[in-house]
Amino acid sequence: MTRLRDLGIAIGSYETGQHNAITDVAGVRVGHTTLIADEPTIARTGVTVIVPRDGDIWRDNCFAGFHSFNGCGEMTGIHWVRESGLLCSPIAITCTHSVGAAHEALVKYGEQRATSFIGALPVVAETWDGWLNDAGAHHLTHAHVFAALDGAKGGPVDEGCVGGGTGMICHGFKGGIGTSSRVVKASEGEWTVGALVQSNYGGRDFLRVDGVPVGREIGLDKVPLDDKKPADQSSAGSSIIIILATDAPLIPTQCDRLAQRATVGLARCGGVGHNGSGDLFFCFSTGNHLSEFDQVIRDIRMLPHRQMNALFEAAAEAVEEAILNSMVAATTMTGFKDRVVHALPHDMLQAVMRSYRKQV
């Protein structure tokens with residue numbers, strides 16, 4: 001698997017965590033189930049799960065927040081997050097038509113494996129993969145979600161055409177799952193901000209890499225969306241799910257504020273938030289330990305608002321790089337109705353970046 005930095009392209013000024021992934025936030029695990037098949041129907045789909053607290057999120061909840069940049073999409077469980085400020089389950093990201101299956105699976109998993117009573121309100125988000133995947137076949141089952149949860153782990157994270165990102169498209173190139181992290185060092189402590197995205201948005205012309213208009217330089221005339229059907233260049237879908245995690249001690253309103261800053265990283269890559277795009281961002285903090293069923297008063301730690309700026313900057317950088325990693329790691333895919341979506345060519349990307357750097 002190739003990542004952006006393997007091509008000699010680094011985003012921002014903050015240091016990355018050890019794995020440059022959301023799993024650099026201690027206790028955060030990521031799992032995928034990838035479904036690729038041609039019979040009996042075309043499957044190019046899957047599910048990705050983010051599991052905080054090394055799986056104990058059902059009992060040891062996290063403060064959390066949410067931001068909708070454009071709401072043509074679905075993320076379940078948000079009413080409870082708004083009401084309580086708590087994330088009480090793992091997070092699942094999948095295809096639009098599989099939200100129900102993933103939601104039911106998380107509820108069952110919580111009941112059977114974690115004896116969770118709040119399991120009926122899990123967070124499940126989606127983007128549309130119906131360009132490459134026969135979404136109407138409803139491939140995802142409870143067993144697939146269970147497998148992703150059971151296989152979730154820390155350390156390096158698989159990116160590109162995996163899990164929920166299997167059939168996704170970004171800026172007219174193959175997209176999918178991407179992740180990145182940043183470390184913020186302050187007098188009060190050292191905090192990590194990690195991002196994981198499921199990218200499925202954007203026109204080719206809008207794509208920028210570290211400010212360079214790569215999408216204009218590698219246009220559809222050079223790398224079409226589908227060279228087998230050159231007249232059919234419409235974008236398959238439009239949406240992005242962004243999950244931010246941090247170990248900084250944030251309260252729910254601060255999680256809301258950090259989630260909003262995902263917009264900055266998206267905009268740097270060329271995301272506009274078009275009318276049909278589901279651009280939904282979620283943030284959770286592991287910096288406090290609490291439970292919705294607490295019977296005692298808890299002492300809560302909170303980072304002063306004035307010290308949030310570095311986290312805002314780190315989140316923007318991590319999101320920007322996570323989106324680019326989702327494309328760099330992806331590979332060309334043929335899917336539903338023999339449609340082909342090409343990967344972002346690494347050599348062409350490097351050539352464009354070298355050209356623009358010489359001009360600076």
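## Exercise 1: Backbone angles in the loops

The loop between β13 (333-334) and β14 (340-341) holds D338. Keep in mind that this is a predicted model.

**Solution.** 
- Step 1. Start with the general rule: most residues other than glycine have a negative phi, and most peptide bonds are trans.

**Task.** Which two residues are joined by a cis peptide bond, and in which loop does P40 lie?

**Solution.** 
- Step 1. Look at omega: it is about -5 degrees for the bond between E39 and P40, and this bond is cis.
- Step 2. Now place the proline: P40 belongs to the loop between β1 and β2.

## Exercise 2: Strands and their partners

**Task.** Describe how strand β5 (residues 91-95) is covered, and how β5 runs relative to strand β2 (residues 43-51) and strand β6 (residues 123-127).

**Solution.** 
- Step 1. Count the buried residues: five of the five in β5 are buried, and the strand is mostly covered.
- Step 2. Turn to β2: four bridges join β2 to β5, and the two strands run antiparallel. Here T48 has I93 of β5 as its bridge partner.
- Step 3. Turn to β6: five bridges link it with β5, and this pair runs parallel. T94 has its bridge partner in β6, namely E126.

**Task.** Is strand β11 (residues 239-246) largely enclosed or open? Which strands pair with β11, and in which sense?

**Solution.** 
- Step 1. Eight of the eight residues of β11 are buried, so the rest of the structure largely encloses this strand.
- Step 2. Recall that in a regular strand the side chains alternate between the two faces of the sheet.
- Step 3. Check each face: S239, I241, I243 and A245 are buried on one side, and I240, I242, L244 and T246 are buried on the other. Both faces of β11 are covered.
- Step 4. Strand β10 (residues 189-200) pairs with β11 over eight bridges in the antiparallel sense. The bridge partner of G194 in β11 is A245.
- Step 5. Strand β12 (residues 278-290) pairs with β11 in the parallel sense, again over eight bridges. In β12, F282 stands opposite I243.

## Exercise 3: The buried sides of two helices

**Solution.** 
- Step 1. List the buried residues of α3: V145, F146, A148 and L149.
- Step 2. Around the axis these residues span an arc of only 160 degrees, which means that they are on the same side of α3.

**Task.** Which residues of helix α6 are buried, and what covers them?

**Solution.** 
- Step 1. A262, T263, G265, L266 and C269 are the buried residues of α6.
- Step 2. Down the axis of α6, the buried residues fall within an arc of 165 degrees, so they line one face of the helix.
- Step 3. Among the elements covering the buried residues of α6 are β3, β11, α5, β12 and α7.
- Step 4. Just after α6 comes G270, with a positive phi of about 115 degrees.

## Exercise 4: Helix against helix

**Task.** How does helix α6 (residues 262-269) pack against helix α7 (residues 309-328), and how does it lie relative to helix α5 (residues 252-260)?

**Solution.** 
- Step 1. The axes of α6 and α7 are 7 Å apart, and the helices pack at an angle of about 45 degrees. This makes α6 oblique to α7.
- Step 2. The crossing of α6 past α7 is right-handed.
- Step 3. Contacts reach from α6 to α7: residues including L266 and C269 in α6 meet residues including I323 and L324 in α7.
- Step 4. The axes of α5 and α6 cross at roughly 5 degrees and come within 4 Å. The two helices are therefore roughly parallel to each other, because the angle is under 35 degrees.
- Step 5. L258, A259 and Q260 in α5 meet A262, T263 and V264 in α6.

How values were computed: Residues are numbered from 1 along each chain as its sequence is written. This is a predicted model: local features need pLDDT of at least 70, side-chain atom pairs count only at pLDDT 80 or more; totals for chains, interfaces and linings use all residues. Side-chain values use heavy atoms; hydrogens and water are left out. Buried means under 20% relative accessible area, exposed over 50%, partly exposed in between (1.4 Å probe, protein chains only). Two strands pair if DSSP finds at least two bridges between them. The arc is that of the directions from the helix axis to the C-beta atoms. Axes are lines fitted to C-alpha atoms, for helices over the stretch in contact, and angles run from 0 to 180 degrees between N-to-C directions. Angles under 35 degrees count as roughly parallel, over 145 as roughly antiparallel, 65 to 115 as roughly perpendicular and the rest as oblique. A crossing is left-handed if the near helix is turned anticlockwise from the far one by less than a right angle, and right-handed if clockwise. Contact means heavy atoms within 4.5 Å.
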